[in-house]
Structure formats: structure tokens, C-alpha cells
Amino acid sequence: MIAATAAPLTFSAYSLIALLFQFLNSFGFIVLATVGLAIIFGMMGVINLAHGEFILIGVYGTALPFHAGVPLPVAMIGGVVAATVFGVLVERTIVNRFYDRLLDSMVATWGLALVVSQLLLIVFGSSLDSISAPMGSVAYGPFSSSIYRSVFLPLVAVAVLVGLYALFTRTEFGIKARATIEDPETARAMGIDTDRMYTVTFAIGSALAGLTGALYAPALGSITPNRGSTFLVEAFVAVVVGGPSVIVGTLSAAGVLSVFNATGSFLFGTFIGQMLLLLVAIVALRALPNGISGYLDDWQQRRRAEE
Amino acid sequence: MTLEVAGLDAGYGGTPILRDVDLTVNDGEIVGIVGRNGVGKTTLLKAIMGLLDPEAGTVRVDGTDLTHEPADVHARSGIGYVPQGRDVFPGLTVEQNLTIGEGIGDSDETRYEQVYDYFPILEERADQDAGTMSGGQQQMLAIGRALVGDPDLLVVDEPSEGVQPSIVQSITSDLERINEEFGTTILFVEQNLSVIQGLSERCYAIDHGTIVDEIDADGVRDRERLEEYLVV
């Protein structure tokens, strides 16, 4: 009797591996769900509450061609393209009226989210057939983990962050984009077409949302028009906890949140894991109102001032 | 580059600041605009630069009407802008700030060699974040950034503001040298008497948002006449 009740709480080496995979799974998900939202927020001061639906367009853009017989990797490109095109259209018609109007942008994009998910429901019905995850899984002791979700996607997440870091620090576009964030008026006076920078940035954010949708299309189970919120909640929490810096913020928030989410999910199930994530977010916001990257910036400035 | 401003009215959100401003800067000239705080000097430069859309009047550069074009079009037509308070991009390095300046002017030609010759500190500190430099160094960077794209007209907003006196002197002579060596036309606003007298070939006095006096080369040497527009 005692042995039976004690067993689930006994940590073996297998449990630690399972916990690590759970962490990687959660980390990959949070990073990929967040980057698109973080770039648009960090650069344009716009919170895109339709971000989950942008990802969903990536999911549908992948699933529809896949079910029509297109190989999965090629279908995924379809998802990225669909979300990017949609993003550019939305930026040119709606979002360009809401630069640096945080609350207004949230209301407008929330409305857009409702429209998109209802349209998906009307056009494609209540669900699409699920796509099985590629790459199989690895079994160890009593556990097994999906290689695609727990190894491949976290690696892609890291690659995306490295790519963004290179884009923003090593390319002329990135330097101009940062100049535009820091001081749009002066940037314009230096010959930068800031409107175009915003459109391109929104397109990059949308493409990343599309990529996330494409990558998670075979990892979602059932594909339904309301899945957007799954992504939005974690992305929103991560942006708020991470703060204004896109890369440092996303990376640190994903790291911290995944530790709690993975541990909670592993010990007590995904519901508790999700609750723990929100709880940590609330505590983090009380302690660091400008997010982790905002705190690091302040700390750096104070240190500089002391020197 | 010739700049002609005629009948210019401009303001912020319905509050008029500039009224019927006329001024001309001829190719290769250095022209100053003198006036006290809050009389519309910065507003005038912003309207000329396209950062503020004028309500009436025209801004012409070499005969081309740029009145309602956005600032990036002004910059690409060859106007280099040095904003008040310098406004370098603090989180970018010195070198990255200069890279941004390459967008000024329509040619691919750059003047890094000359910029580093005028301001050697910018080459030494190429990798330093611009926000960590002193006021004078940031002013040099702001001028260097406007110069690197080889502009035909430099528009400079209070080059002496927040800069130590010893450095003011060197910045003044740098601007003069830029004008001599490249024939760059310069329009600047200033309330520091020695900068005005040291730099301008002629100047305009501005008060309550309108040009109240046109001061020729002899007038520029007349300290009392200038002080009339500067002393509160």
C-alpha cells in the first residue's frame, strides 16, 4: 500500500528526463507562440490580440494543403505565406491606424480575432482532421516523449531567436528598425520610411505567427477555429512578463514560465501547470512591473550611473 | 542647395506657432536664425524638415516643392538634420548611428573619412553605445550622422545647447570647415551670441513665430542689434 502511493512521487532518473522533456516542450511552445507578438509589441507599441488567429491561419494554411495531399514540409510553407499575406493586409487596412495606441489596438485586434475565428468556423466547419506528429517518440522507463514537440520544436525556437538577434544587430534593416523604435521622428528625418519599417515589421511578426501555426499544425490534436486562444494566452503572459525587449524578454520569460509550467504539469497535470504559469505571471508583474527585460535595463542604467 | 520658405504657417494640433515666415538661404551660404526660447525656432526647422506639416505657405529646395512631403523625402533630397538636444539613437552604437545617416541624400556616396577626420572621437568610440557619451560627443555624432550621407544642406538646431563652452568653439569651427570644404549650405538656429557671430554670414531674427528682422553681414557684427532679439 505504502509503496503504491509513494511510487508516483519517487523521482527516478527517468522522471528527471521526463521533466526535462516537458520543460523543453513548454519552452519551445512559449517562445514560438510569443516571438511574433513580442516583435509587433516591442517595435510598434501595438498588442495584437488577433495573434492567436494569425497562428491559426498558419495552422489552417498548413492543414488544408496537407489534407489535399501536399507533403507536410511544403504545406508548412503554405501556412507561413498565408499568415504573412494576411498580416500585411491587416496592417495596411487596420493596424496602421493604431500605432502607439495600446488600448485601442487591443480592442481593434480583439474584434479582428472574433471575425477570423467565426469565418474559419463558417468556411471550414467545426474542425479539420488532425495531423499526426512526425519523427515519432522516444520511450524511457515508464515514460515516452514526442521527439517533434520536445526536441525539434525547442531547437527551432532557439534557432528563431538566434536568427532574430542576427537580424536586429547585424543587418541594415535591423539597425534601421531599432532606430525607428528608439525615435521614430529622428529616424524619419534621417531618410527612413518609417511607415514601410512598420509594415515590414508587422509582416515579420505575422510570418513568425504563421511559422508557429505551421509547426504546431501536426502537434495540436484536433484543429478547431477556437485554438487561437491556446497560443494567445501564453504569448500574452510571456510578453507581459518578459517586458519590452524582444529577444531578452522572450527568452527569459519562456525560461522562467516553462520551469513552473513543466514542473506543475509533470507533478499534477496540465491544468495545474497552466494555473501555475498564470500565478507566476501575476507575482512577476507585482515584483517587476516593466517585465524582466525592463528590470535588466533599469539595473544596467543604475550601474552605469554609479560608475 | 537653395532653400526658399514663403508665407509659412505651422503649429501643433491647431495651435498656431509660425505666422507668415519668409526666408531664403542661397547655395553655399551659412544663415542663422536668432531668437529667444519659445519663439518658434525649432518649430520652423521642423516645418522646413517636413516633421511638421505646414498649414499654409511653401518650402522649396532647389526649386522643388517639398512643403507637404514627409521628412524622409526631405532627407533623401539631400537635407541633413541635426535635431535639438542632439537626439542620437542612444541604444545604437556610434557606428550604427552613422550608418543610419547614410540614408540622407540620394547618392550612395558616403563621407566616413571626412567625418572621422573632423571628429576622431567617433572612430575611437565606434562600438560604444551613443547614449553613454557626453553631451559634446553626442553633438559631434549628431553632426557626423547628418554629414555622412553627403548632404547639400545642413539644418542645425541649436548646436551649442547642453555642450561645454570649449567644445562649442570647436563645433562652430567644424561647421565652418564643412561649409568651406564641401560647399554645404547651412541653416542653423541659435541663441548663443558668439556662435551666431562666429558662424553666420547673415541671419534672420524671429519673434512670436514670425521673422522680425533680416540682418546682413555688417549687422551680424553689431552685438547690440543681435542682443535685442536674444535678451529677455
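Visitor: Which residue of E9(B) is the bridge partner of Gly32(B)?
Guide: Gly32(B) is bridged to Cys203(B) in E9(B). This is a predicted model, where local features need pLDDT of at least 70, side-chain atom pairs count only at pLDDT 80 or more, and totals for chains, interfaces and linings use all residues. Residues are numbered from 1 along each chain as its sequence is written, with chains lettered from A and ligands numbered from 1 in the order in which they are written.

Visitor: What makes strand E3 of chain B and strand E9 of chain B a pair?
Guide: Pairing takes at least two bridges found by DSSP. Four bridges join E3 (residues 30-34) to E9 (residues 202-207) in chain B, so the two strands pair. They run parallel.

Visitor: Which strands are the edges of the sheet in chain B?
Guide: The six strands form an open, mixed sheet in the order E6-E7-E8-E3-E9-E10 (chain B). Strand E6 (79-82) and strand E10 (210-215) of chain B are the edge strands, because each pairs on one side only.

Visitor: Why is H11(A) called roughly antiparallel to H12(A)?
Guide: Helix H11 (residues 246-268) and helix H12 (residues 270-287) of chain A pack at about 150°, with axes 7 Å apart. Angles over 145 degrees count as roughly antiparallel, so H11(A) is roughly antiparallel to H12(A).

Visitor: How many residues of the contact of H11(A) with H12(A) are nonpolar, polar or charged?
Guide: Among the residues that meet are Phe260(A) in H11(A) and Leu276(A) in H12(A) (contact: C-beta atoms, placed from the backbone, within 7 Å). The contact holds nine nonpolar, five polar and no charged residues. Here Ala, Val, Leu, Ile, Met, Phe, Trp, Tyr, Cys and Pro count as nonpolar, Asp, Glu, Lys and Arg as charged, and the others as polar.

Definitions and conventions
Axes are lines fitted to C-alpha atoms, for helices over the stretch in contact, and angles run from 0 to 180 degrees between N-to-C directions. Angles under 35 degrees count as roughly parallel, over 145 as roughly antiparallel, 65 to 115 as roughly perpendicular and the rest as oblique. Two residues are in contact if their C-beta atoms, placed from the backbone, lie within 7 Å.
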